[in-house]
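Student: I have the sequence and the structure open. Can we go through some of its features by question and answer?

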Amino acid sequence: MIFISFLILCFVVSTDITFSCQNTDDFVGASSPGDIVIGGLFAVHSEMLHPEEHPIKPIIQNCAGFEIQIFLQTLAMIHAIEVINNSTLLSGVTLGYEIYDTCAEVTKAMASALRFLSKFNSSEDVVEFKCNYSDYIPRIKAVVGASYSEVSMAVSRLLALQLIPQEVIMTSSSTTGVIVSPASSAEILSDKIRFPSFFRTIPSDFHQTRAMAHLICESGWNWIGVIATDDDNGRFALDSFGVQAMANNVCIAFKEMLPAYLSDNSFHTKVDHAIEKIVKETRVNVIVVFMRQFHVLKLFKKAVEKNVNKIWIASDNWSAAVKISTIPNIRQLGTIVGFGFKSGDISTFQDFLRNLHEKPNDNNKFLHEYIMLLSVCAHLEYHDFQMCISNQSQDDLLQNVENKHHIWRDDFLNANVEPGFIHSTTFAVYAIAHAIKGQCKDRNCKDPSAFTPWELLEELKKVTVIDDGKEVKFDSNGDMSTSYDVLLWKEIDGHMEITTMAEYDPKKGDFIFKDEEKKKEFLDLKKVQSTCSQHCRPGQMKKVTESPHTCCYECVYCPENHYSNETDMDYCYRCNNKTYWAPVNSTTCYRKTIHFLVWNDWFAIFLLLLSAFGILLVLSISVIFTKNLNTPVVKASGGLTVCYIILFSHFLIFLSTVFFIDEPTKFKCKTRQALFGISFTLCISCILIKSLKILLAFSFDPKLQNFLKRVYKPIPTVIICTGIQVIICTFWLIFRTPSVKQNFSIPRAIILECNEGSVVAFGIMLGYIAALAFICFIFAFKGRKLPENYNEAKFITFGMLIYFIAWIVFIPVYATTFGKYLPAVEIIVVLISNYGILCCTFLPKCYIIIYKQETNTKSAFLKMIYTYSSKSAGSVAVSQVSLDSKSSSSQATISGSCKSEKNSVNGNCHFQMPGQTLIKAKALPENTARTMARKRLSSI
């Protein structure tokens, strides 16, 4: 490199002005006459020299930085025209060309465009001002170029707008110039309102930026950097990529804009700043580059010095640039993946290059300059040779060139061929040729005024060209939707080779691989991480942090009843809470298990055993009472019929508990409450009749006896009391019938339970039973002081108390309990109340029947009742005396014990009260007491 620098410094700027523009013909880079002339605009040099003197004069300056790849495009255009002229495509009409060097400068390109628009056959290259250019014949019919979108935009505006009357700007027939670009890919050039005469043989940047975003997304990257040139092409490409990146959830960590011209004083400072930014952003491992080749060359040289190792996504401008791939130590930069234009068969062009040294170069200043460069740089190795060519200016080449031997290196040209650009350039020429053929069907095209450019424009819109066996045509935007080659730079045998990894179809948006090896190369890109945050695993979701970028986030677990089944999900899906559930950090939803009180549940088995034991107890009592049918205890219990009815109701109550267990059904839900309610009502009704009968038998109060005699109607009372409950249950089942419902209150289970339909109806049913039980309790309580050996009323009182306690406790417990054991709560209460009443009603009688048989006789009952009746009668007499006494504060003294031998006079008892006269009371005779006892026994 030191030697190269020394060599360059040895060349003194020549005062010869061979390359300077003295007249308009000197301005042409390459030309050839023809019946129809096509213009060409190519940036054969990378920059235009700027004068140092002041003031600056409006002089077109020479250029520096010979671009081999662009030079090859000019040769491709020349080759295509020569092939067409030697074919029968145009039937004797020859094509000529005028190719100009834009030096990548808009100003120089505009100067070339002005010459294109000069009037045909005018010696002074005058552009006429006219109100109507419909019949205007310019110097050229169409233009191929330019190399860069920024230049194409300016030239296209000049060709399509400046020479068109403003009032007819929308009509394509008013367009004076046609421009077909093989390299300008800016998306804005598809706008046919602003660029009506612009066509291109490559896809627009829209497809390229979408392909890039797709590649980045497919590789799992979302945190990238972008570097672009600060010109129209770079800014439009950056904007388009930004939209595509956002659509694919890719965030741009930083954007660096480099000056469009190398002559800019801040260029090297901006390059250094961009490298520092790349090094600083350690999490950014993917850099997208929208720049011209000479910009990339400067950037990569600095990146190699700083040992930067990233994945570089190359735009079509430099993705196949051989001069960049030959940078020393280029492999240290990392992996380079690019998008290039789809190439075709260029074998004939390669043969053309091999024979290029035999062709005259009098009318091709580019070729002449290249030959001079070969002479100057011939002694250098490949990369140094390329750098030598690029670093020469037109003014430097004349120093001692005469003494140099001309050495031809056709291998160098073939090695620098970028097939995509060569193919698109050739294709542009053929598209124009086919359009000319369409215009020349009925015209003599050897006459340059046979048709105008706007007529050629209309023909160009309809052109169909066969490319690689496929018909290709321009779309309504003037673009050709050809596919892209996805290029991968690989080191092979110590040299960096540009290989095709895949093909990208813009229409389908898919990558197409030729074989599994290519696909593996594509998948290997995923090994490199370029994300702002770690990937969120399934079961997690993104939580946006304070960063303005959506790609920077924290990974948090999905909450309960939510799940995520993919990586990097923005939110967790919610499970259907009614039928599914999910734990924290779940990747799927689980179906809720259906719960109910099943038969094999230990608690259900326990309750069933209690019910079964109750049924056995009922059957046992029935057997005992049946065998002792004629005993006083059985008769005193109301007889076998009443006992059977009561025992049968107890049996039904125990049986109703079965309907509370296992999977609820509509039938079970309707049956269980109605069966329990009616059975319990029947039981309480019968016990109520017994309580009334006992109270009636042992009551000495005449008023109470009269009331009880009117009320005591056994059969109607039982039917009415039970019938009311039947009516309540019937209305309940008809209007608010119970049904099966799913209870979702438990997170991970569905509780199948019975919906009672109406809480009010359920409450009325239970309230009615409670009202009957309370009445029964009152009557039984009044008869609690029966004879010691006959205390059924006392036990009925206890049974009712047990019932009340059980159901009072049931209400809050039932209201606060949920889950599959809710039916068990009601079963327990039913069993407790049923057992309480059953045991208090029948077990004392069974005890007397089995263990106190001596008391279960008629004589024993008569004696017991006689004793109780005698005591009850005396109590009544004393009570009557107390009521007749006027002094309630004096204590009465009984003067005698009512013995027959002393104080009894004809059956009268005498009571002596202090301060009062003797009071006589009638004592009951013994035979009268016995008669009363028999009546009470028969009553019972």
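**Salt bridges, strands and surface**

Tutor: Lys741 has a relative accessible area of 35%, so Lys741 counts as partly exposed. Keep in mind that the model is predicted.

Student: Which residue meets the side chain of Lys741 in a salt bridge?

Tutor: Lys741 lies in strand β26 (residues 739-743), and the other residue of the pair lies in strand β27 (residues 749-755), so the pair ties together parts that are 12 residues apart in sequence. The N to O distance is 3.5 Å, and the partner of Lys741 is Glu753.

Student: Is Glu753 buried or exposed?

Tutor: Buried means under 20% relative accessible area. Glu753 has a relative accessible area of 10%, so Glu753 is buried.

Student: Which residues are joined with Glu98 into one network?

Tutor: The side chains of Glu98 and Arg115 meet in a salt bridge of 3.9 Å, N to O. Glu98 is in strand β5 (residues 95-101) and Arg115 in helix α4 (residues 106-116), 17 residues apart. Both are buried. Salt bridges that share partners join Glu98 into one network with Arg115 and Arg139.

Student: How many residues apart in sequence are the parts tied together by Asp231 and Arg292?

Tutor: Asp231 forms a salt bridge with Arg292, and their closest N and O atoms are 3.2 Å apart. Asp231 is in the loop between β9 (223-229) and α7 (232-247), while Arg292 is in the loop between β11 and α9, so the pair ties together parts whose separation in sequence is 61 residues.

Student: How many salt bridges are there in the whole structure?

Tutor: The pairs above include Asp231 with Arg292. A search of the whole structure gives a total of 23.

Student: Why is strand β12 largely enclosed by the rest of the structure?

Tutor: Lys310, Trp312 and Ala314 point one way from β12, Ile311 and Ile313 point the other way, and all are buried. Strand β12 is largely enclosed because the number of its residues (310-314) that are buried is five of the five.

Student: Which residue stands opposite Ile313 of β12?

Tutor: Strand β11 (residues 286-290) and β12 run parallel and are joined by four bridges. The residue opposite Ile313 is Val288.

Student: What is the bridge partner of Trp312 in β13?

Tutor: Strand β13 (residues 334-341) runs parallel to β12, with five bridges between them. In β13, Trp312 has as its bridge partner Ile336.

Student: How far apart in space are Leu610 and Ile828, C-alpha to C-alpha?

Tutor: Leu610 lies in helix α18 (residues 602-627). Leaving aside neighbours within four places in sequence, Leu610 is in contact with Leu831 and Tyr835. In sequence, Leu610 and Ile828 are 218 residues apart, and in space their C-alpha to C-alpha distance is 9.4 Å.

Student: What is the accessible area, together, of the nonpolar patch that includes Val809?

Tutor: Val809 is in helix α25 (residues 792-816). Its relative accessible area is 47%, so Val809 is partly exposed. The patch on the surface is formed by Phe798, Leu801, Ile805, Val809 and Val813, and together their accessible area is about 410 Å².

Note on methods: Residues numbered from 1 in each chain as written. Predicted model: local features only at pLDDT ≥ 70, side-chain atom pairs only at ≥ 80, totals over all residues. Heavy atoms only, no water. Buried < 20%, exposed > 50% of the residue type's maximum accessible area, 1.4 Å probe, protein only. Helix = DSSP H or I, 4+ residues; strand = E, 2+ residues; numbered from the N terminus. Pairing = 2+ DSSP bridges. Contact = heavy atoms within 4.5 Å. Patch = residues over 30% accessible without salt bridge, like charges linked within 9 Å, V, L, I, M, F, W, Y side chains within 5 Å. Areas by Shrake-Rupley, 256 points an atom, 1.4 Å probe, with all protein chains shown as cover. Salt bridge = Lys/Arg side-chain N within 4 Å of Asp/Glu carboxyl O.
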